[in-house]
Amino acid sequence: MGNIGHAAVVPRHSGTDRIATGGLFDTSQQVSYDVNEVQRPDYPAPPQLPPVSYGNLTLATRYLLSPLAGFTNLPFRRIVRAFGGLGLATTDLVNARSLLAQNPKALELIATCPGDRPLSVQIFGSEPDMMVEAARLLEGQGVDSIDINMGCPVNKVVKNGSGASMMCRRSETVALVEQIVQAVRLPVTVKMRLGWDETQITAPEFAREFEKIGVAAIAIHGRTRAQGFSGTVSLDGIRKVVDAVQSIPVVGNGDVRTVADAARMFRETGCRAISIGRGALANPWIFRQLLQWETTGRYDPPGTFDDRLHLLRQQLAYVVELRGADRALPFFRKMAHWYLKSMQVPPRLRNEFQHAQTIEAAEAALALIVEHGPVSGNRTAALPDMHIPVPAGPIERW
Ligand SMILES: Cc1cc2nc3c(=O)[nH]c(=O)nc-3n(C[C@H](O)[C@H](O)[C@H](O)COP(=O)(O)O)c2cc1C
């Protein structure tokens, strides 16, 4: 990707991509686990599907990281990519207007490094000129693909006519997306929900129209805007989108946490790729597991307490590279929550870590966590799966 907005985009505290070179923050170590303590899972039949291409961009795997605002930043993407199995990652949603104004927050969202590929940047906005200019800017900076957010349910996005509210304005939305497709040579994809609510299931119609105007792929979260994150995904709803298109890939999304969930998504929807959000926070090994499953029929269990502790430290180090030690901890807390929960750390010690004001204090809290170990299970075996919550209250604060 070369020159993606160098000053703002390459991590401030690193001139190198340490994943590619190994070294201090190398995550290429094997996951350690005691085979005798791991319950062997069921192995559903893996999919037999052709490779997934977004236009000229052929993805190495059909397993994608779904955008999660506040989480799918460069430090997390570096962690997940190091395990292999990930076909494409997408940034958190980025406001097209803020990007054009070179707002530092927007620039941080598109921060990347040489190992962070292929990378799609997700933009949102409702003003065609801004969206087109933002797409051109991203193309100039070397991103691999541009994704248009048509699924975000939060009020502050939909009230301005962006995100999921675009699903309520058919011709205007199709015209906007077409302008973007025409403006860049990069593959342009759209991520949407099933529709605004159950009385307006517009995703199949949009998918059909989008394919006609040259959209390269559709990602579909199988819930309506009205559902937020409640209930379960409608696999039947996703199937209708798959049936609506002729040949472009449809990426099924929602509630995939395990290989068995992925098998069901493929089987019941006919989708060609799967994107995973929350499941990757709970289990950063999921993409590797899925690829192992597809290629060998089997897969390794996720990492242990010790493996997760290593990842937590590593991701924090990446955040320090990106933002500097002074601004790292507040940014990292959301993610730390997932690590500490999945490591089965007792609430008192989680609290200690989350209240640390300096990296030294965070390290001291980690030392106590290491001493204590997990509340159930042990340090070197697979831990019980964590419960994956749905956002409660405004998603921005989740
Ligand atoms: C905290 C959070 C932030 C999200 N941010 C985005 C976003 O920036 N763009 C987007 O298209 N979807 C976003 N989503 C939706 C996810 O990409 C995904 O569609 C949804 O979580 C269902 O998939 P999952 O069950 O694998 O998490 C977000 C979801 C959550 C929970």
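Which residue in β4 is the bridge partner of Leu65? The bridge partner is Ala89. This is a predicted model: local features need pLDDT of at least 70, side-chain atom pairs count only at pLDDT 80 or more, and totals for chains, interfaces and linings use all residues. Residues are numbered from 1 along each chain, as its sequence is written. Helices (H or I, at least four residues) and strands (E, at least two) are DSSP runs, numbered from the N terminus.

**Strand β4 and its partners**

- Strand β3, residues 63-65, is joined to β4 by two bridges. These strands run parallel. Two strands pair if DSSP finds at least two bridges between them.
- Strand β5, residues 119-124, is joined to β4 by five bridges. This pair also runs parallel.
- Val94 stands opposite Ile123 in β5.
- Seven of the eight residues of β4 are buried, so β4 is largely enclosed by the rest of the structure. A residue is buried if 20 or more other C-beta atoms lie within 10 Å of its own, exposed if 12 or fewer, and partly exposed in between; C-beta atoms are placed from the backbone.
- In a regular strand the side chains alternate between the two faces of the sheet.

**Backbone details in the loops**

- Pro118 lies in the loop between α5 (104-109) and β5. The peptide bond from Arg117 to Pro118 is cis, with omega near -10°.
- Gln102 sits in the loop between α4 (96-100) and α5. Its phi is near 55°, a positive value in a residue other than glycine.
- Is Gln102 buried or exposed? Gln102 is exposed, because 11 other C-beta atoms lie within 10 Å.
- Asp255 belongs to the loop between β9 (250-253) and α11 (259-269). The phi of Asp255 is near 65°, also positive in a residue other than glycine.
- Asp255 is buried, because it has 21 other C-beta atoms within 10 Å.
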